[in-house]
Amino acid sequence: MTVVLIIIAVLIFLITATLFINIRFEYDVLNNVGKIKVMLYKTLILFSSGITISDSYLNLNKKGNKVIKIKIDFNDENFQFVQDLQTYLFHKLYPTEINFGAVVASENPFIASMMGSTLGIIINLLLARAKNSVRDVKVTNNVQTGFRQNMFKVDIKLSVVLSIYDFLWAFLKAYKAKVRRREKKRRNKQIAKY
């Protein structure tokens, strides 16, 4: 009996355990090169990859010259599943820190200044909205302007807290939505046959 209680206690602890996830996203728009890294507790790397976009594919460049191509198709069933998962997770994530950095540079100082200040205003509005939603979140915005070369780089760091229970809940909700879409397609095909 005590073994069963210990197993139940361990399961409850694992499900309610809080995960601290750090996400770092860097992307150079002009050179079409970027990186994404997802870490757990700032030490354990869950996912790390280089990013490029070509045609309608998102290319994840892994170690050993391995490239994973993901088709950017909004009607694709897998893409809709990821989008549903993201929607459900968004309501369960608790952000603790949002850092936005960008370098906007142009050989024309007028263009660089206008683009840098416009981007800074837009990002400040988005960060103010995030700060309004979650009062404890720490936000920083660092948009730099340069005048010697053409450059547009973005660097986003995000730290969030998520429980395993909330992740499992979001995953199951997204899976149920996927099953419903599949059933609806199947019914529509059967109706179209008649």
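Tutor: Start with exposure: buried means under 20% relative accessible area, exposed over 50%, and partly exposed in between (1.4 Å probe, protein chains only). Y175 has a relative accessible area of 43%, so Y175 is partly exposed. This is a predicted model, where local features need pLDDT of at least 70, side-chain atom pairs count only at pLDDT 80 or more, and totals for chains, interfaces and linings use all residues. Residues are numbered from 1 along each chain as its sequence is written, and side-chain values use heavy atoms, leaving out hydrogens and water.

Student: Where is Y175 found?

Tutor: Y175 is in helix α4. Helices are DSSP runs of H or I, at least four residues; strands are runs of E, at least two; both are numbered from the N terminus.

Student: Which residues form the nonpolar patch on the surface?

Tutor: Patches take residues with over 30% relative accessible area and no salt bridge; like charges are joined within 9 Å, nonpolar side chains (Val, Leu, Ile, Met, Phe, Trp, Tyr) within 5 Å. Here they are I15, Y165, F167, L168, W169, F171, L172, Y175 and V179. Together they have about 800 Å² of accessible area, by the Shrake-Rupley method with a 1.4 Å probe. Helix α4 (residues 164-193) gives the largest share, eight residues.

Student: How many salt bridges does the count come to?

Tutor: Side chains of opposite charge can pair when their charged atoms come close. The rule: a side-chain nitrogen of Lys or Arg within 4 Å of a carboxyl oxygen of Asp or Glu. The count is two. R24 meets E26 at 2.9 Å, N to O. R24 also bridges to D155, with the closest N and O atoms 2.9 Å apart. R24 lies in strand β1 (residues 18-28) and D155 in strand β8 (residues 151-163), so this pair ties together parts 131 residues apart in sequence.
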